[in-house]
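Welcome! Take a moment with the sequence and the 3D view, and then we will walk through a few strands together.

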Amino acid sequence: MVMKWTSLCFVALALFGSFCDAQWGELYKPSPPIQKPAAPPVRQKPSKQMPHEPQQSKQTFEKPLTWVYPEDPKIPVPPEVPFELRHPVPAATVAAECREKDAHVEVKKDLFGIGQLINPADLTLGTCAAVAEDTGAQVLIFEAELHDCGSSLTMTEDYLVYTFTLNYNPQPLGGAPVVRTSKAAVFVECHYPRKHNVSSLPLDPLWIPFSAVKVAEEFLYFTLKLMTDDWQYERPVYQYFLGDIINIEATVKQYFHVPLRVYVDNCVATLSQDVNSNPRYAFIENHGCLIDARVTGSDSKFVARTAENKLQFQLEAFRFQGADSGLLYITCHLKATYAAYAIDSEHRACSYINGWKEASGADAACGSCESGGFGSVGSSSGGTTGTWGGGGGSSTLANPGRKIRDVKGITESEVFEWEGDVTLGPIPIGEKLA
């Protein structure tokens, strides 16, 4: 019994102790600590920053640098272009035949020789238009009475001269204000002898081959030109220097079917246009013997013929000793015969090249060149009846220009011959400086 009450007392005490702890903890609960107000932030003055000094260090590479700073761009040098200015040469595009009562003129539609065909309406002979056109040959044909188409008549001591003007006046092409050719005027002259041989002697009929008669009725033009080194063009500049080779080409222009052969009978060089002035040097004489190489040992010579109506020769440039002027005038006496006539001692082109050689290969015709005497003064014979301008060189009109012969001795082997003098110059010859 006592044990029972003892246990009950312990339980009661335990409950009372738990109650007392709970009340005491509520009454004596500690209050939270009092916090002081935070002080305002202190504003700091900005500090002055010192400039940053970069840290430099030497960079090393395992391999050496191969890159370099690029060079400034260079202007490329243009390559040398093989170019030679081609100078225009006179175009033989107009042909005329003077008949008994009228003039017959034929004109190529490529009037300037540049491949540009003209409009037929732009070309007139005086006041007359073309009467026909050869479309195959591209040729315009004009025919005019001697007193028509605005022709003019003049008289000389020996000839009646009818002059026509071939006018070319190009019009703009289509609707564009351009033209590809320029205005041009070509004078066409017909010469008729005023004097005839009249006698009371009876006429002796004599048959003459048609070709010879036809030649006698035509006009022939002799020309003398300076040519380029390749003989393709007329030389645009006349300046030469001592030691240079002067290429000269003699031609006879013909406008019919009978072939002619031209010869240089003699040539003389002077300081003026007067062939009789002094000093003078005849370098071709004795009917076609080029004696300059024989006398002076030069390289002057005739060139092998390439056409019967052309004859080319080379003359080594020279000056007259003691003369202040370096200008030269070359006057040559030219002859023409029909090509069928044989080369002989009066019709030849001989050069001295370790002996006398003929330009056509007929060396036997040069046999008398050595007996010429090689005189220093030459003469120029024969005359001309008129002149015709031609690109850079001189030209001579022969009408009909036959050499006088005794008609009683004419045979089938007789030959008609035309002659004329042509002057080329002035040609400046300069001295080469050492």
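How many bridges pair strand β11 with β16, and in which sense? Strand β11 (residues 245-253) and β16 pair over seven bridges, in the antiparallel sense. Strands here are DSSP runs of E with at least two residues, numbered from the N terminus, and two strands pair if DSSP finds at least two bridges between them. This is a predicted model, where local features need pLDDT of at least 70 and side-chain atom pairs count only at pLDDT 80 or more, while totals for chains, interfaces and linings use all residues. Residues are numbered from 1 along each chain as its sequence is written, and side-chain values use heavy atoms, with hydrogens and water left out.

**Strand β16 and its partners**
- Strand β16 (residues 310-316) is largely enclosed by the rest of the structure, because five of its seven residues are buried (under 20% relative accessible area, with a 1.4 Å probe and protein chains only).
- Phe313 in β16 is the bridge partner of Ile248, and Phe313 is also the bridge partner of Phe302.
- Strand β15 (residues 301-302) runs antiparallel to β16, joined by two bridges.

**An open sheet**
- Four strands form an open sheet in the order β1-β2-β5-β4, with antiparallel pairing.
- At its edges lie β1 (94-98) and β4 (132-134), each pairing on one side only.
- Five bridges pair β1 with strand β2 (residues 102-108) in the antiparallel sense, and Cys98 stands opposite Ala103 in β2.

**A buried asparagine**
- Asn266 is found in strand β12 (residues 260-270).
- Asn266 counts as buried because its relative accessibility is 9%.

Conventions: Buried means under 20% relative accessible area, exposed over 50%, partly exposed in between (1.4 Å probe, protein chains only).
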